[in-house]
Every structure is written in C-alpha cells, then in structure tokens.
Amino acid sequence: MPKFPDLSTYAADIAPVIDAVHVNVHAAARAVREQLAGAPDPSPGFLNDLRFTLPLRPLTRAGLAAVYRYATAAERESAIQDHLKQGTLSEAPDGLLHATDRGLATIQRLYALHAAAVERVWPGPDVPALAALTAQVLTQAQQDHLEATPGRPGSGRSGEAGGGAFAVVVPPYEPQGTPPGVLLFNRLAALRYHRADAHAAAWQEAGLSVAEIVALKPGPARERIESRTNQRAARPYRNLTESERAFMYGGLLRLA
C-alpha cells in the first residue's frame, strides 16, 4: 500500500484507480448485455453518462456544455437532436431537456444491466463499505460547492447551481433497493466529474483554451496544471481518516 504524504498526493494516486474501476464496469456491462435479452446499449451517450441525473431533474444546454466541455457546441446540439428524434428526451418551451417515459425506461434497464455487471466483477465483501465512504466524499464535495456559490442553491435544473459538471450530476439518482455495487459505480462516476471540474479550473487559471489544453504536451506547464488539479480534487477527502483513505484506495484497487 503506498504512503500518502498529503491529500494532493492521495488525490493524484486514487484518480487513475477510480478511472480503472469505472472502465471495468462499463466493459463488464457490454459483456453482460450479450447475454440479457432486451438489455440497452451501454455505449456512451446522455442516457448512459447521465443515467443518475435525468430521473431526478432536467438538463440545460449550459449544464451539458459543462459535462461535455471538450465537445463543440455543434456536437452537443447534434446529440440533443438525436435524443429528441429517438424520443428519449423531450424539450420544454423554456429549453429544459426532460427524460421521457421511454428514456426513463432505458435508464431503468441500464441500472439492471449495471447491477448484473457489478455482481459479476465485484464479488468481494468490501463494496458496501466503499460505497458508504464514496458517499461521504461526495457529500463533502457538495457542501464545498454550495459554500463556494452562496445564495445559489439551485433550481432543480441540472447545471443551474453554477459550478461546472459536478453541479449537474449531484445528487445521484439512488432509488430504494439499488444494489451497493451500483451505488458505488454511480457515486464514483459523479466523483469523476468533480475532478474534471478541478482540472478545467486549473487549465483555465493558466489561461488556456480547450484546444490548447488538449494539445498541451507533457512538460512543466502540464505538471503545474496537474498539481493544481490535485490540490482542488483533494479537498473532499479531507474529512476521511487516514485509515479510511487507505481502505478506500486499497479496496478500489482490488476492484479494478
């Protein structure tokens, strides 16, 4: 088990582990889908990426611009129009994008598919405890966000709380009876958006554009951005004890 001299180091080390766990479940879902009749396509898209958001609140184009900040406005609009044509999203007169009954049914099937996937790849006993620790980190991140945007508690619209992608995706949709593995999977997915916002804040602070950060090669400038990213991403872990942080890192590493 590595030693973590400070929270920034911890945030840097746990980020690729969280990414690996996330990718592992998506791969397992694709494999399980082949064996389940009527299972939805788990490919990336609004219904999959925002499966834990759409059942609770509508989306705005501003919120989608934060979630998909590396896509162009034209690419995002094309995806919106595809969902509208498919009947999985509907657009209200004020521009809010709501999941339709068809879209919600697809999300329900995605939850079932992910439940089957995590049961296959995460058989160990640590999943409920890891889900609980991740919930603590998410809650702290939400509190930090609200304190950073006083007087703007949100309006029930994803992206209206003013604060990047993380504001769009929290709190996640957790219907009664959701298995611990699915809770963990979705909570980690939401936490990844917190780090994504931290990274965006760091490269924007450095005066870079989307195109410039994408093209930025390894070197001192990128190292400085990654260091600032880790400092920002570390904050929600501060209320976990050292042993809890070690358990979370080690437990997720075993799941990856």
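**Salt bridges and the helices they join**

Q: Glu205: buried, exposed or in between?
A: Glu205 counts as partly exposed, because its relative accessibility is 48%. The scale: buried is under 20% relative accessible area, exposed is over 50%, and partly exposed lies in between (1.4 Å probe, protein chains only).

Q: What sort of model is this?
A: It is a predicted model, in which local features need pLDDT of at least 70, side-chain atom pairs count only at pLDDT 80 or more, and totals for chains, interfaces and linings use all residues. Residues are numbered from 1 along each chain as its sequence is written, and side-chain values use heavy atoms, with hydrogens and water left out.

Q: Which residue does Glu205 meet in a salt bridge?
A: Arg228, at 3.0 Å, N to O. A salt bridge here is a side-chain nitrogen of Lys or Arg within 4 Å of a carboxyl oxygen of Asp or Glu.

Q: What does that pair tie together?
A: Arg228 is in helix α10 and Glu205 in helix α8, so the bridge ties together parts 23 residues apart in sequence. Helices are DSSP runs (H or I, at least four residues), numbered from the N terminus.

Q: New topic. How many salt bridges overall?
A: Twelve, from a search of the whole structure.

Q: What about Arg238?
A: Arg238 bridges to Asp144, with the closest N and O atoms 2.8 Å apart. Arg238 sits in the loop between α10 (220-234) and α11 (242-255), and Asp144 in helix α6 (residues 127-148), so parts 94 residues apart in sequence are tied together.

Q: Is Asp144 buried or exposed?
A: Buried, because its relative accessibility is 8%. Arg238 is partly exposed, at 32%.

Notes: Helix = DSSP H or I, 4+ residues; strand = E, 2+ residues; numbered from the N terminus.
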